[in-house]
Each structure stands twice: as structure tokens, then as C-alpha cells.
Amino acid sequence: MSEAATRPAAPTAGESELLMSLDPLLREWLPRQRWFAGKGRPVTGFTLDSVTELLPDAALLHLLVRAHQPPADEEGPGDRYQLLIGTAEAAAPHLAPAVIGHITHGPLAGRTAYEALLDPRHSAVLLERLRIPGALGALRFHRGPHGEVPRDLAPRPLTAEQSNSSVVYGDTLIAKLFRRVVPGLNPDLELPLALAREGCDRVPAPVAWFETAGTQHTEPSTLGVVQPFLKGAADGWDLALKHVTNQQDFTAQARELGRATAEVHTALARALPTVTYTRAHIDQLAGSMTRRLEATAQQVPALLPYVDSLRTAFEALAQLGAEGRTWQAQRVHGDLHLGQCLREPSGTWKLIDFEGEPSRPLAERRLPHPVHRDIAGMLRSFDYASPQGDWSLSCRASYCAGYAEVAGTDPRTAPVLLRAYETDKAIYETLYEARHRPDWLEVPLTALKRLAGF
């Protein structure tokens, strides 16, 4: 279903007036946000999908707006964003970094608009609303069977994320809000719920979530999810970098991480349908990887010298399909790397953030894949932590060995498939780094040079 088909009825006169008053402020503020997907293209206007008052007198508004940018987005008429906007006659001094701007006309003339998630009073309102299932305007709130949402937990916004926003409540819960919203069930809710039903405790189980109402012709869109906060857990990326800096061995942790990944994959294969990747699937996969390589090379010229050699990785995969090779495919994490793993003080690894690669369409992120996709992502992550030397090589070997101990199959026994996924992942990283972190571009380019055999 296209996003064009999901657009609600035209906004009321009051809603249109509200959007017109916010328009000039959002044109300046929205492109500066880390989670804004359309960087580098001018915003030519907005349309309003819904506005919901979370507090009376527009003190706290929930908005779904579409940002229009040329050329038209592939998924429909403008990317849709979730905004939480607080308004006040004057923002408190501690909210200065959150200010969006002063509203000069319309129903809120004279007020200051600001990012409400940075206001503890307003983020507390959101949690209180998530405590109670039910409907509020265009929003629907749900409670899961796992855990409770206590009252009066002190909110603390996190600032390190890029494609979404999160608030920690009292070191007990963490709420993630998806900023760029597309129709359908977000895998970051879908897969943890499925894993919880299977009794897999490697992933924190959702305790509450909210979504759009949906209609007879439209799917609800997942807007946010609340999960237990793993107090004291160390971020896998930070932990790995610390070991690299101190020249410490990380193979034991990598092996345990491989075991954790295999446990999650095994549970997902039980919980959700699997398919057999036959020649048609493999041809389609190899074709999409090849097209991504060629499209990325057009945007990142530094990749051009390696294109012909890298293409052989996907040609070899297609050849195996033509010879009758098949693989089982299932739902996977989709964007697995060290930063998506948390190590608790007990030494237990947990996997988080099942959203997949946010730049890809939701339908694509929910497709089954051979588990090698996730494994390739983690291998790339070890490479990111230490692009040179034996540290990455030993971690990669230990991770695969740990995976084999649980799954019964060593992923390295499918080298063609693993190479194709790792090459595809490095190409994705190349485009991401070129757009967002040019100083890091050399990391995936170095890997692609190696994968190309140079």
C-alpha cells in the first residue's frame, strides 16, 4: 500500500491555519535535526496528516506532517514525520536548545514552539498516556503482557541516536519514538513481541506502544515503543573500542555474542514463517545488490575503481542459485552491529533496535533473509572497530564459532553468500558515510578494496 493511499481527509480550517503558522519555523528547524532523512534537498512545503492535543490549550501537540522536497520521495508525496511540540508564552531558560521558534500568526500567535521531548514535564505526559490503553484523537495506545508502566518515573532524553528519539524513564523503561513514520508494523515492535512470545530473553520485551488509528483502507503506523531499560549495560560498540584502545583481547565477548545472535535467530525461525530461497529469490537478491552497487558508485566516485571486481561477488551468488543451491530465509535483525548489542554487568548480551536499516522501505525491511545478512553486519562491525591488524580477524572467527555452537552450522561454510552480504553491507556503509560522516568513508572503502581483491 502506498503512502499516497494512506493520506487522511483534508485538515480542518483551524488545522490548516496552525500548519501555516508553523511552516516557516519548521522549514528552518526540521532539516537541522539528526533524524531528518531529506538532508541536502530544500523543503518546499508541508501538509498535515494529523494533530492531537496531549495537553489542553495546545500546550503539548502531537503532529504528523509531510515534508515536501523535490524530487518526490519514492514512497509517496513527502516523508512523514512525527513531531511533539510544546508551546508556551516563553520557553524556560533550560529549554533554549529545544526552541523551534516564535509563532507570529495563527491560533498560537505570540507563543514559542519547542521540541517537547526535551521538556521533562511533557515527556512525563507521554509516559502517563502510555500507561493507559485506549484512543486519543488519531493515536492508539497499547499495553503488552510483559511488565508494567509505573507512575512518576523521571524522564531523561537521550541525544546519541539519529533515526529516532528515545527517553529513559527512571532507569526503568526506555521509550523510542520513530521520527520518520511509514504505514505498517515497525519491526522494532513486531520482532521483540514475537521473541517474547517464544520466551527468548535476549531482547527486552515491549511493555507498551502507540500507533496511528489506521482506516478501512490503511494500515496503522507504529509511532513508538516502550521497553525495559537495561541499567548498567555497556554498549557493545563502546566496549569493543575500549578493548581496541587498550590492546585487549575481545574474542571471548565475540564468541558469546555469536551465541546470543544464534539464540535470537533460532527463536525468530520458530516464531515467524520461514521460506526457502530458491533460484528466483537468489536472482532477485543478487540483482538488487548489483543495482545498489552501481547506484552507489554514481554517488560516491571513490567506489568506481572497484565496481567490476565487486560485481563478481553477486555474480557468484547468482551462479550458485542457477546450479540449484538453496538457503533457508527467515526474519532477521536487519541492521546488526556492535552498537545494537548491550552487555549486562552479568556478562549476558542483549540485542536491541530491530528497526532495520531505516533508509530502506518498511516492506523491504520486513522481508525474510538468510541469517548470513545479520552475521555479515556483525563482521563488518568488528572491521569498523579495528580496520587494521589481527583484532578484527580473531573476533570475526570467534563470533562465527560461537554462532555455530548454538545453531549447529558455521556461517563460514557458505562463503559466497557471506561475501555477497558483507559486500552489500559495505556498499550501504559507503553511501551512509559519504552523506553523513565523510571522515569515516575510508573505513568501508578499505573493506571494499579488500573484498574486491585489490
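Visitor: Which residues line the second largest cavity?

Guide: Val332, Gly334, Gly356, Arg360, Glu364, Arg365, Leu367, His369 and Arg373 do. A cavity is a set of points, on a 1 Å grid over the protein atoms alone, where a 1.4 Å probe fits but cannot get out, and a lining residue has an atom within 4 Å of a point. Keep in mind that this is a predicted model, where local features need pLDDT of at least 70 and side-chain atom pairs pLDDT 80 or more, while totals for chains, interfaces and linings use all residues. Residues are numbered from 1 along each chain as its sequence is written, and side-chain values use heavy atoms, leaving out hydrogens and water.

Visitor: How many cavities are there, and what is the volume of the largest?

Guide: Volume here is the space filled by probe spheres set on the points, with grid points joined across faces, edges and corners. Searching the whole structure for cavities of 30 Å³ or more turns up 2.

Visitor: What lines the largest one?

Guide: Its lining includes Glu357, Arg360, Arg373, Tyr421 and Lys425. Helix H9 (372-385) and helix H11 (415-436) are the elements giving two or more residues to that lining; helices are DSSP runs (H or I, at least four residues) and strands are too (E, at least two), numbered from the N terminus.

Visitor: Is Glu115 buried or exposed?

Guide: Buried means under 20% relative accessible area, exposed means over 50%, and partly exposed is in between (1.4 Å probe, protein chains only). Glu115 sits in strand E5 (residues 112-115), and it counts as buried because its relative accessibility is 7%.

Visitor: Which side chain makes a polar contact with Glu115?

Guide: A polar contact pairs N or O atoms within 3.5 Å; within protein, one must be able to donate a hydrogen and the other to accept it, and residues adjacent in sequence count only if both atoms are side-chain atoms. Here, the side chains of Glu115 and Arg179 are joined at 2.7 Å.

Visitor: And is Glu148 buried or exposed?

Guide: Glu148 is exposed, because its relative accessibility is 57%. You'll find Glu148 in the loop between strand E7 (139-143) and strand E8 (155-157), and its side chain makes a polar contact of 3.1 Å with that of Arg143.

Terms used
On a 1 Å grid over the protein atoms alone, a cavity is a set of points where a 1.4 Å probe fits but cannot get out, and a pocket is an open set with protein on both sides within 12 Å along at least five of seven lines; lining residues have an atom within 4 Å of a point.
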